[in-house]
Amino acid sequence: MGNFGLLFEGFGVALTSYHIMIMVVGVLLGLVVGVLPGLGAPNGVSLLLPLTFTMDPVSAIILLTSMYWGALFGGSTTSILFNIPGEPSSVATTFDGYPMAKQGEAVRALTLAFCSAGIGALTGVLVITLLSGWVANFALRFGAAEYFAVYFLAFSSFIGMSTGSPFKTLVSMMLGFACATIGADTISGESRLTFDFEELIGGISFLIAVIGLFGLGELLTTMEENLEFHGVKAKLDIRTILRTMAELPRYWASILRSAAVGIWMGITPGGPTAASFMSYALGRRFSKNGANFGKGAPEGVISPETADHSAGSCALLPMLALGIPGSATAAVMMGGLMIWGLAPGPMLFTQRPDFVWGLIASMYVGNVIAVILVLATVPLFAFILRAPFRIMGPMITMVCIIGAYTVASHTFDIWLALVFGLVGYVFKKLDYPLAPFVLAMVLGHNAEDSFRQAMLTSGGSASIFWSNGLVATMMFLGVFFLLLPLISLVLRRAGINFRSRAIEKEAEAGSV
Amino acid sequence: MEISRRTGEIGAAIVTALLGIIVCYGSTENGIQWDSSGPQPGYFPFYIGCLIIFGSVATIIQTLLRRRDGEEPFVDAERLRNVVFFFLPIIAFAAISIWLGLYIGIFIYIFFTMWIPGKMKLHNALLTAIIVVAVNYILFEVLFTVPLLKGPILNALGIY
């Protein structure tokens, strides 16, 4: 049976009234999370995760992924109407979305953003449908050494593709690994790095880290700015929406290019944020309308939105097929899978096809629901955002603190979340990337175990990492990525500058 | 009080370097050598610690080499005040919640933040706090059946 036959069965799982209701609830929660600054997709999924422990895994993952779609969509609403990105990945949407809204074209900008985002997401899901079975089959041949090579490749590509200082990426990632090490060692059972603190023997949950780093840290940075929302009013009328939709085919080139960028950045751990900036930069360079970018060009909204969403959905492909998440949110979801007792990776496809294909089918349905709901709720969220942040801030803080407690009902976790909040605040201000930290925390055990297992099979000889073509190629690519910052430095000294201006712009935006 | 970007960078890097040293020291307790069965439990974390120290030192060097004109400060007095006055009540919230239970913590925190920094009228702040506690109670205890920490006072009142 081909992928499409399996997908058809998946629709049977996804299209029950219960699951559709879950999708609607998930998308709505996601929209709230995406719209409010301080609550992002990774943090929102972390807060919801403890509440799904008692649910059936299929329903639980549908709820969490729907929330993810909602959050991705919700971030664009605030970018366009308020010039405040609700999500880091929708920063690039503010460049042209807000100018469009100020020129009285708010509805057109919103419709363009949501529809191109929907197209991007569906392209991403189509790629997952076509490739995931194949990637999983390929990965069935992997041994411990190959897995370590894949992890090595994933982590070194973070360093190679980081837009800021590679050293900061390294520090952030390694601190994540160190946090993952705390607690009982999975192979020997010895407790490590606990320094005889009883609370640390069980280890630190990555959920606490995400709630602190992304939630409380973000709140502190937002509070510091003393944020006020000055929104553009948008009156939705169906005719403008339909007229804008009819306009979409005109931008097919932008959409195709952006979707391709998004797919690539989603599968490799570049993530949605990097994808949207890269797509915006490429759009400015190659689009016929490039000179108008930044002044309210429709392509300037379409490019980042399409890429953001295709990357967001494609980030789930390596998570499902290889057990390596392509974004921080995917990492949190993968942690959830492990908590529900499912091992992400190729075996999941043979053991739980109903789970995998039900999930993939729900992605199609969920994204369509998200496009409709996000358009319908624009007036509601525009109203909510008129509440001053001095009221919203404490409410969001409360949700984070409760969330930290519900992870494991440990009061110590509340203190940990506060500490991670301060770390997140300082890291954000100094441009340390947070995604590598979370990824390292989720994958730390697996990476270390595969390394040690590979060493056990080879009898302690590191030569196993270049024993066959596959593993050697991956290790070589990994080393290449590690050296990439150095190579680009040398090239820049020689006068060749291939890092585009948009990436520098991203670094600026990241520090806001 | 204003902290320059340079001070912030170096301060943060020193803290991460110290963390790296702690990680290295802690892993020596598990053995960082190779034995007959491969690497000992402390082997992997030891090199993680080394890489943290390496990255931190490189960041310090990078900061010292960079030109410092025209840099935004890490934080200025007003921003620092905003952050501190937002964070102190959160610490109090955490402490009260752990001591007396989450519901009481939430009530006090929401009431205070709505009333003083939120500039609500006293009775509105009180009402908001009551509604927020009620919504949380229904959400967690009834709908999701995930019990939150009740603490000694609610226990004495017969709510577990």
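This note comments on a predicted model with chains A and B, point by point.

1. Basis of the model. The model is predicted: local features need pLDDT of at least 70, side-chain atom pairs count only at pLDDT 80 or more, and totals for chains, interfaces and linings use all residues. Residues are numbered from 1 along each chain as its sequence is written, while chains are lettered from A and ligands numbered from 1 in the order in which they are written.

2. Confidence. The predictor assigns the complex an ipTM of 0.95 and a pTM of 0.86. For chain B the average pLDDT (the predictor's confidence in each residue, from 0 to 100) is 90, and 99% of the residues reach at least 70. Within chain B, E2(B) has the lowest confidence, with a mean of 76, and H4(B) the highest, at 96.

3. Fold of chain A. Chain A contains 22 helices and two strands; helices (H or I, at least four residues) and strands (E, at least two) are DSSP runs, numbered from the N terminus. Chain A is as compact as a globular protein of 512 residues, because its radius of gyration of 22 Å is close to the 24 Å given by the globule rule. The radius is taken over C-alpha atoms, and the rule is 2.2 Å times the number of residues to the power 0.38. The C-alpha trace of chain A spans about 70 × 55 × 50 Å along its principal axes.

4. Two residues are in contact if their C-beta atoms, placed from the backbone, lie within 7 Å. Among contacts in chain A between residues at least 6 apart in sequence, 79% join residues at least 24 apart.

5. A residue in detail. Ala14(A) belongs to helix H1 (residues 3-14) of chain A. Ala14(A) is buried, because 24 other C-beta atoms lie within 10 Å. Leaving aside residues up to four places away in sequence, Ala14(A) touches His19(A), Ile62(A), Gly358(A), Ala361(A), Ser362(A) and Val365(A). The C-alpha atoms of Ala14(A) and Val58(A), 44 residues apart along the chain, are separated by 8.9 Å.

6. Fold of chain B. Chain B has six helices and two strands, in the sequence pattern α-β-β-α-α-α-α-α. Its radius of gyration is 24 Å, whereas a compact globule of 160 residues would have one near 15 Å. Of the 160 residues of chain B, 29% count as buried. The domain assignment, which is automatic or from a database, gives domain 1 (3-75) and domain 2 (77-156). The C-alpha centres of these domains of chain B lie 37 Å apart.

7. Contact between the chains. The contact takes 51 residues from chain B and 45 residues from chain A. On chain B, helix H1 (5-28), strand E2 (38-39), helix H2 (43-65), helix H3 (77-100) and helix H4 (102-115) each supply at least two residues to the side that touches chain A. That side of chain B divides into 31 nonpolar, 18 polar and two charged residues. Here Ala, Val, Leu, Ile, Met, Phe, Trp, Tyr, Cys and Pro count as nonpolar, Asp, Glu, Lys and Arg as charged, and the others, Gly among them, as polar.

Definitions and conventions: A residue is buried if 20 or more other C-beta atoms lie within 10 Å of its own, exposed if 12 or fewer, and partly exposed in between; C-beta atoms are placed from the backbone.
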